[in-house]
Amino acid sequence: MENLSPCQPDPAVLSRCLLVTGGAGFIGSNFVHYWCHAHPHDRLVVLDALTYAGNLGNLADLKANPQMRFVQGDICDRALVDALLQQEAISIVVHFAAESHVDRSILSPDAFIRTNVVGTFTLLEAFRQHWEPERLPTQRFLHVSTDEVYGSLGASDPAFTETTAYAPNSPYAASKAGSDHLVRAYHHTYQLPTLVTNCSNNYGPYQFPEKLMPLMCINMLLGKPLPIYGDGQNIRDWLSVEDHCLALDAVLSRGQIGETYNIGGNSEIKNLDLVYLLCDLMEERSAELGIHLPVRPCRSLMTFVPDRPGHDRRYAINATKIKTELGWTPTQTIDQGLRRTVEWYLTHQEWWRSLLSQEYQEYYNKVYALQN
Ligand code: NAD
Ligand code: TYD
């Protein structure tokens with residue numbers, strides 16, 4: 001395991017060492033960037049299996065940072081997790097690693113149970129062995145979860161609170177619910193210093209192009225159809241990934257051990273309206289940046305396709321607890337956040353093009369040649 005060389009902390013500064021699982025994925029890599037900037041004296045050990053969703057390119061600009069160490073490995077590998085916790089004297093685990101896409105969980109749920117349930121269990125067991133309450137009172141295990149564990153809301157139902165009963169509907173949501181319950185039990189039974197966050201839909205840089213937001217931006221740049229599931233009236237609450245990272249920092253710094261915090265953007269919108277917005281922003285920003293769009297108007301690419309089985313109708317987050325107890329609120333409106341996100345996918349074409357399958361590469365390259 002040649003990548004197991006320890007980090008090199010600055011000896012002059014008291015630092016903590018964090019184990020960030022899934023740190024090469026969408027939210028994890030944004031968190032690693034955020035943390036390196038906000039807490040430059042802390043060390044970060046990133047553990048990521050580099051599945052289809054993990055991409056070392058997401059951390060490329062941090063390659064030379066001596067405070068960060070990347071380890072390719074599986075959270076289900078107990079020996080590896082034990083070794084990292086011990087060698088690196090990890091005090092904080094921030095657990096992002098997961099299979100995260102609902103459509104994939106419907107097609108093939110096995111990996112979701114393995115990584116999300118068994119992987120979380122493996123981390124908890126390893127951390128339980130490693131944890132020394134008397135010596136390291138600042139230890140934490142932060143489990144990053146989703147609002148999808150609460151199920152689906154009707155149009156006039158109140159938003160999810162931390163006490164809403166769990167009612168997961170997809171295999172993805174059920175696997176995350178199972179992992180949340182394990183974390184809760186490890187606090188209740190063993191007093192493990194855990195924290196759980198349940199966040200709404202994130203958007204921003206480095207999101208794998210299977211999720212709604214990057215898929216729509218990229219398909220507009222390729223002149224491909226924009227698939228709208230069902231009637232497009234499903235509602236999601238959207239939060240910028242940067243605001244999610246700020247919320248996680250607030251929870252790690254000031255959260256009460258054993259507690260759960262809902263995190264949301266207070267930005268509910270129907271899928272159809274969101275795609276309209278993205279189309280308008282894409283046309284506006286591409287024109288300003290002088291980037292060619294193969295098809296205009298972008299709205300003409302919108303195509304209704306058969307619905308996702310069991311498609312949740314509405315998610316909404318009541319984030320009063322994190323606001324009143326920890327003082328966190330989103331810093332970006334959805335308009336600001338979407339504008340920045342559209343611009344990022346417009347100006348980082350090399351990033352997403354490298355992820356597209358070989359099958360489509362030739363076609364994409366042709367379109368790319370047209371745009372430059
Ligand atoms: P992602 O799919 O982009 O990234 C997941 C990362 O985990 C990838 O880098 C992947 O390689 C890694 N991984 C997968 N299986 C692994 C394993 N067995 N061992 C080690 N690494 C493994 O996911 P994301 O969107 O960044 O989500 C991160 C976390 O946040 C997940 O736990 C997800 O449930 C939660 N979450 C996501 C959202 C969202 O909108 N994306 C919202 C709320 C909560
Ligand atoms: P997604 O990004 O997969 O997140 P989640 O299912 O976890 O909320 O999808 C967001 C919404 O967009 C969801 O209601 C499904 C819908 N959707 C489409 O209409 N078309 C698409 O191509 C995708 C990927 C999603």
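Student: Leaving aside its neighbours within four places in sequence, which residues is V32 in contact with?
Tutor: Keep in mind that this is a predicted model. V32 is listed with F31, V94 and I322 as touching the most other members of the largest nonpolar core, which has 38 residues. Skip the neighbours within four places in sequence, and the contacts of V32 are V20, G23, L44, V46, L59, L62 and M68.

Student: Let's turn to the ligands. Which residues are the closest to ligand 1?
Tutor: Ligand 1 has 28 residues surrounding it. They divide into 13 nonpolar, twelve polar and three charged. The closest ones are I27, D48, S100, Y172 and K176.

Student: How far is a polar side-chain atom of Y172 from an oxygen atom of ligand 1?
Tutor: Backbone atoms come close to this ligand too: a backbone N or O atom of I75 sits 3.0 Å from one of its nitrogen atoms, and a polar backbone atom of N202 is 2.8 Å from an oxygen atom of ligand 1. For Y172 it's a polar side-chain atom, and its distance to a ligand 1 oxygen atom is 2.6 Å.

Student: What percentage of the area that ligand 1 exposes when taken alone does the protein bury?
Tutor: On its own, ligand 1 exposes 840 Å². With the protein in place, the buried part of that is 96%.

Student: Which element gives the largest share of the shell around ligand 1?
Tutor: Four elements each supply at least two residues: α1 (26-38), β5 (140-146), α5 (171-190) and β7 (201-203). The largest share is three residues, and it comes from β5.

Student: And ligand 2: which of the residues around it come nearest?
Tutor: There are 17 residues around ligand 2. By type, that shell has seven nonpolar, five polar and five charged residues. The nearest are E148, P227, R236, R308 and H311.

Student: Which element gives the most to the shell around ligand 2?
Tutor: Two elements give two or more residues here, α6 (212-222) and β8 (226-229). The one that gives the most supplies three residues, and that is β8.

Student: I228 is in strand β8. Is I228 buried or exposed?
Tutor: I228 touches M216, L272, V275, M302, T303, F304 and V305, leaving aside neighbours within four places in sequence. V305 is 77 residues away in sequence, yet the two C-alpha atoms are 5.8 Å apart in space. The relative accessibility of I228 is 3%, so I228 counts as buried.

Definitions and conventions. Residues are numbered from 1 along each chain as its sequence is written. Chains are lettered from A and ligands numbered from 1 in the order in which they are written. This is a predicted model: local features need pLDDT of at least 70, side-chain atom pairs count only at pLDDT 80 or more; totals for chains, interfaces and linings use all residues. Side-chain values use heavy atoms; hydrogens and water are left out. A residue is near a molecule or strand if one of its heavy atoms lies within 4 Å of it. Ala, Val, Leu, Ile, Met, Phe, Trp, Tyr, Cys and Pro count as nonpolar, Asp, Glu, Lys and Arg as charged, and the others, Gly among them, as polar. A nonpolar core is a set of buried Ala, Val, Leu, Ile, Met, Phe, Trp, Tyr and Cys residues joined through side-chain atoms within 4.5 Å. Buried means under 20% relative accessible area, exposed over 50%, partly exposed in between (1.4 Å probe, protein chains only). Contact means heavy atoms within 4.5 Å. A polar contact is a pair of N or O atoms within 3.5 Å; within protein, one must be able to donate a hydrogen and the other to accept it, and residues adjacent in sequence count only if both atoms are side-chain atoms. Accessible areas come from the Shrake-Rupley method with a 1.4 Å probe; for residues, only the protein chains shown count as cover.
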